[in-house]
Amino acid sequence: MSKLSTILRYVMTPKKFKSRKHIEKVQRAGMKKHVRFIRRNSPFYARHWDGFTDEQWAEFPLIDKSIMMENLGDLLTVRLDVEQATKLAKKAEQSRDFSSKIGPYSIGFSSGTSGSRGMHFVSEKEQASWAGFMLSRGLDDSILSRQKIGLILRANSNTFESIGSKRIKFCFYDLMRPLEEIHQMILGDELDILIGPPSVLRYLADVKSPLKVNKLVSAAEVLDEIDRKHIEEHFGQIVHQFYSSTEGEIAATCELGTLHLNEGIMVVQKDWVDKEKGWYHPILSDFKRSTQPIIRYRLNDILVASKQPCKCGDARESIDSIMGRQDDMFLLKKRDGDDYEQIVPDFIRRAVMQMHPEITAYRAIQRSADEIEVQLLPKDLEPLSLEGFHFVWRQKNVETPKITLTNYEHKPSATKLRRIQREFTLS
Ligand SMILES: [Zn+2]
């Protein structure tokens with residue numbers, strides 16, 4: 001049964017959409033059916049959409065992570081014991097055995113970066129169908145050819161195991177293990193495709209791994225330009241990306257390496273941060289996810305819309321980059337007032353890169369209202385310029401914070417890499 005849904009979904013997922021019209025038709029039909037189903041089966045959404053007809057779904061009140069977690073038991077379209085699920089998921093994380101289930105539902109935890117942990121429930125059928133979708137976005141060749149796919153994961157889950165077959169084999173590498181060990185295992189497995197966090201792909205490039213694969217895919221962390229450059233240079237090929245979160249599979253790259261929104265499975269509306277620059281928070285309405293529906297869910301991430309359509313001919317909208325999380329916008333005191341100005345991660349990234357032309361890795365962390373810590377590799381670069389920072393402070397008319405240099409300390413591990421990070425919060 002589950003293998004059948006995987007293959008069906010694989011076959012049914014178009015590689016490309018020729019027109020916006022076609023996409024919108026798929027979305028309208030998907031949403032219409034889905035909204036009706038959710039209103040009947042999720043007490044939370046039924047309340048939340050009170051006063052709106054199904055046809056008005058594009059204007060339903062928004063939700064976000066905190067609303068979702070507060071109402072989780074009620075938001076699901078099946079009645080599950082959320083407390084019991086929490087216990088099971090915690091146990092799984094400790095034992096690294098991720099087969100825990102309630103009936104046909106798998107439970108997963110997402111690592112909350114700002115303290116709020118996410119939890120997600122998927123049914124067997126959804127998992128199998130999801131796997132088919134991912135395969136169609138990830139594999140260039142037919143599902144019928146032999147493929148060995150390696151996945152480096154923070155938390156293993158039983159999602160992929162369900163589709164291991166004679167032709168398609170998945171190998172898992174748990175990031176809790178030492179990196180050298182993971183590297184040796186990957187080399188021994190002779191993979192066709194390797195999917196993993198960019199920090200680990202970067203590690204493989206840095207140790208000059210002799211690894212040869214047909215496709216490299218960055219997932220689970222935002223791919224920073226500096227990492228992309230090093231990985232592509234070492235392996236001599238494009239780094240592909242899966243941009244996903246607990247809330248869904250948001251985008252994936254086409255053969256040209258452009259990120260296209262997965263508009264065939266979700267509607268992505270825009271909450272503009274800066275329309276002229278093309279910066280927005282995506283509002284997701286996923287019409288394929290039914291156990292834990294995601295409708296009009298505003299994501300914390302800021303995306304940068306592409307100014308030009310992609311040359312590959314796919315009508316799905318593309319994005320230039322994922323700028324990062326709103327939580328990571330730096331907050332600096334305005335010169336002419338008591339409040340704070342938000343500085344997007346991209347400005348900080350550019351200012352850091354201007355410090356020295358030979359920087360190979362960096363982190364910038366805002367530790368307090370007036371202190372930014374910068375970590376650079378290689379060590380002892382000289383001379384360092386702060387001109388890029390001063391330019392931003394002047395443009396934004398904010399007070400100059402103190403910049404302190406410390407040793408670069410991130411090692412790819414169970415902790416997600418965030419190159420630009422804000423650690424302090426306004427109280
Ligand atoms: Zn494209």
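Tutor: Two strands are said to pair if DSSP finds at least two bridges between them, where strands are DSSP runs of E with at least two residues, and helices are runs of H or I with at least four, both numbered from the N terminus. This is a predicted model, in which local features need pLDDT of at least 70 and side-chain atom pairs count only at pLDDT 80 or more, while totals for chains, interfaces and linings use all residues. Residues are numbered from 1 along each chain as its sequence is written.

Student: What makes β18 and β19 a pair?

Tutor: Strand β18 (residues 361–368) and strand β19 (residues 371–377) share seven bridges in the antiparallel sense, against the at least two that pairing needs. Y362, for instance, has L376 as its bridge partner in β19.

Student: Why are β20 and β21 called edge strands?

Tutor: The open sheet has four strands in the order β20-β19-β18-β21, with mixed pairing, and β20 (402–407) and β21 (420–422) each pair on one side only.

Student: How do you know that β16 and β17 pair?

Tutor: β16 and strand β17 (residues 340–343) are linked by four bridges in the antiparallel sense, with E341 in β17 as the bridge partner of L332. A hairpin of six residues joins β16 to β17.

Student: Why is D327 called partly exposed?

Tutor: A residue is buried if 20 or more other C-beta atoms, placed from the backbone, lie within 10 Å of its own, exposed if 12 or fewer do, and partly exposed in between. D327 has 14 other C-beta atoms within 10 Å and is therefore partly exposed. D327 belongs to the loop between β15 (318–325) and β16 (330–333).

Student: What makes the radius of gyration agree with a compact globule?

Tutor: The radius is taken over C-alpha atoms, and the globule rule is 2.2 Å times the number of residues to the power 0.38. For 427 residues a compact globule would have a radius near 22 Å, and the chain has 22 Å, so the two agree.
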